[in-house]
Amino acid sequence: MRGDERISMKHGAGGRAMRSLIENVFVRGLAEPNGDGEVGLADMDDGAALRLGDRYLVITTDSHVISPIFFPGGDIGRLAVSGTVNDLAMMGATELVALTCAIVVEEGFLRSDLERVQESMSAACREAGVRVVTGDTKVMGRGELDGLVINTAGVALADRVVRDNGLRPGDRILVTGTIGDHGLAVLALRKSLGLEGELRSDVAPIGSLVERALAAGGEAICAMKDPTRGGVASSLHEMAKKSGVGIVIDEQAIPLSEAVRAAAELLGIDPLHVANEGKALIGMRSEAAPRVLEALRAHPLGRDAQLIGTCIAEHPGSVIVETGFGKRLIAELDGEPLPRIC
Amino acid sequence: MSGPFDVGVSELKYRDPARARALGEALTRVTREIGREPVSVMHVCGSHEQAIARFGLRASFPKALDVIMGPGCPVCITDLPEVDEAVALSEQGVTVATYGDMLRVPGTSKSLADAQGEGARVEVVYSVAQAVELAKKSDEELVFFASGFETTAVATAAALLADPPENFSVLSAHKYIPPVMEIVAEMPETRIEGFLAAGHAATITGYGVFHQFVRRHRLPVVVAGFEPLDILAALVRLVELIASERAEVVNMYPRCVTRDGNARAQEKLWRVFRPIGGRWRGIAHVPNGNLRLRDEFARFDARRRFAIDLARLWAGTPPRLSAQCICGDIMAGIASPNDCVLFGKDCVPEAPVGACMVSSEGTCKIWHQYGGHPDLGDVA
């Protein structure tokens, strides 16, 4: 990266540009060596895991910005709680200790909207079984930011840390439900596409769902990731690259709502590249797949769970989509998904 | 799920994997019957490449059949100076509205996305109608940076004929497909034996527009739709024509395309636009390949309405694609990315030089991303 290069939107879109920025600017300067079995900054996982006796303390932090702040299926408050709870869950840490909440709000923001966001955060905390124990509030001048930024940090305990790099050839990968709902709902609203009625964000804290999977799969669960920015494609890429395997996914098995299928088709956007806020990709040894799938489907948030992928030794680092008509490689997203004309 | 999406896209009969397998087998059979390889055909449409890529059709084509992606992505072949004009306008205080995939096409020093990052007003729209709506909501100047072939050009023409607001104007980068097929067919080393023509453009022009081309070049043309079965069936037909040495136009998209096309759309198109020669990025000067606004629409023509300050972007010298770029040869199927000295060095996805590195379906971009042309035949 050149010194005079400016940060652009692609650096925040969850793809290659963002990872390269983080690696070159932050990891290089801030990362310290990990202790035995610990997970730190250089691992670029969903959070950090530090030794605490014979257990692990798992920590994560996430700043949430979204326009518009209220959208079908949720709002920035629900997103801020869910995002952090889910990042902890992806490390295997479903025993939640507490969250923090820092907000930066723009001058002129409606107090009633702030109260609505707070109520939504409270509801999401109750769903997740966690509380906010400390916070911070700053106000900035009009035009200095767009409405509201919420940062949440979360702390949880785990007996065993699940990473995103533990896949081996033969392992299976499942997704806990339909994909593409959040990103397309927000895009449709933001761009006034007139499709809003059918599309709803999936934003939800899924700690209890992941807990079921961990209980059913135990040690057989070897990798997890929540496919937020960059979508399922980017998350699978990261898992494939870090684990040194190829991943073959069966496109026809991917659960999609009809609304997402139609909107994605119309806009020329691949649902595999669209953000989710209430889903997990779970990798496991193949013998555990049936019982994990059954456990997930018994949970209201996991009814549509499907096995979608298999790990192979060939093509390490690649994600191959079996379309039913042939095969293709799917790339990581570079920048935000944009509708195509051609 | 309920509501307007009940139709169930998944149930479209043009997406039946069993029929696709049968067509794939037929394609292998007719290609083998020709008895030599490669048999080279070209499509000239970004949507065809998109469908081929998205459904992974290439992995099921017979090895002896080379399906070459021609100069058919309107985004990729938008030339540097055209992008520069849009960037310059956006930096002159005018709002520029355009299709999403035009944002990242590099100009001489920056793309519209870069300009947006630096504070210029750039809006992504999904149609020219949406751009007109944006203009109506404001008193400020709004320029629609219009790209695409006959299909989107007709939409632009219709908007200009429907009495748009005074603050609306068009920067046309529209292109016209038929002339570029001539260019490819006339390249001295070309080994293209037949063309797949784009079904949506032919919906406007009619398939009759290709008869003259077929007579002149003795090459078959098959008009194809965009579902996987459309493409496979059209390829089978095209290879059959090559095998029997019949230079004909065949319409394999009859549910949309007729011989004479959409007369009203053509009338609108030619009332608003006139064809002029111009460069297509990385390919060549294409006679009659660019569509510009006619004089009657001068007041809606951004090029005549504004003094576009390009000198600032060009620092005195007009831009020129590197003379070393061989995109034209790659698109004509007579060279591969490895033959290019720029490939992977001076020409990378973050800073593309030629058209083939711009589009996600471009040959060079695919090679760069996957280290060559990936063979997925070993994946069970």
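This is a predicted model: local features need pLDDT of at least 70, side-chain atom pairs count only at pLDDT 80 or more; totals for chains, interfaces and linings use all residues.
Conventions. I number residues from 1 along each chain as its sequence is written, and chains are lettered from A and ligands numbered from 1 in the order in which they are written. Local features need pLDDT of at least 70, side-chain atom pairs count only at pLDDT 80 or more, totals for chains, interfaces and linings use all residues, and side-chain values use heavy atoms, with hydrogens and water left out.

Entry 1, aromatic pairs. I found 6 aromatic pairs over all chains (ring centres of Phe, Tyr or Trp, the last by its six-membered ring, within 6.5 Å; planes under 30 degrees apart are stacked, over 60 edge-to-face, the rest tilted). One of them is A:Phe325 with B:Phe55, edge-to-face at 5.4 Å centre to centre and 80° between the planes. A:Phe325 sits in the loop between β13 and β14 of chain A and B:Phe55 in the loop between α2 and β2 of chain B, so this pair joins two chains (helices, H or I, of at least four residues and strands, E, of at least two are DSSP runs, numbered from the N terminus). A:Phe325 is buried at 8% relative accessible area, and B:Phe55 is buried at 5% (buried is under 20%, exposed over 50%, partly exposed in between, with a 1.4 Å probe and protein chains only).

Entry 2, a pair in chain B. I noted B:Tyr176 and B:Trp270 as edge-to-face, 5.2 Å centre to centre with 85° between the planes. B:Tyr176 is in the loop between β6 and α7 and B:Trp270 in helix α11, so the pair ties together parts 94 residues apart in sequence.

Entry 3, hairpin. I looked up B:Gly282, which takes a positive phi near 75° in the hairpin of β10(B) and β11(B).

Methods. Two strands pair if DSSP finds at least two bridges between them.
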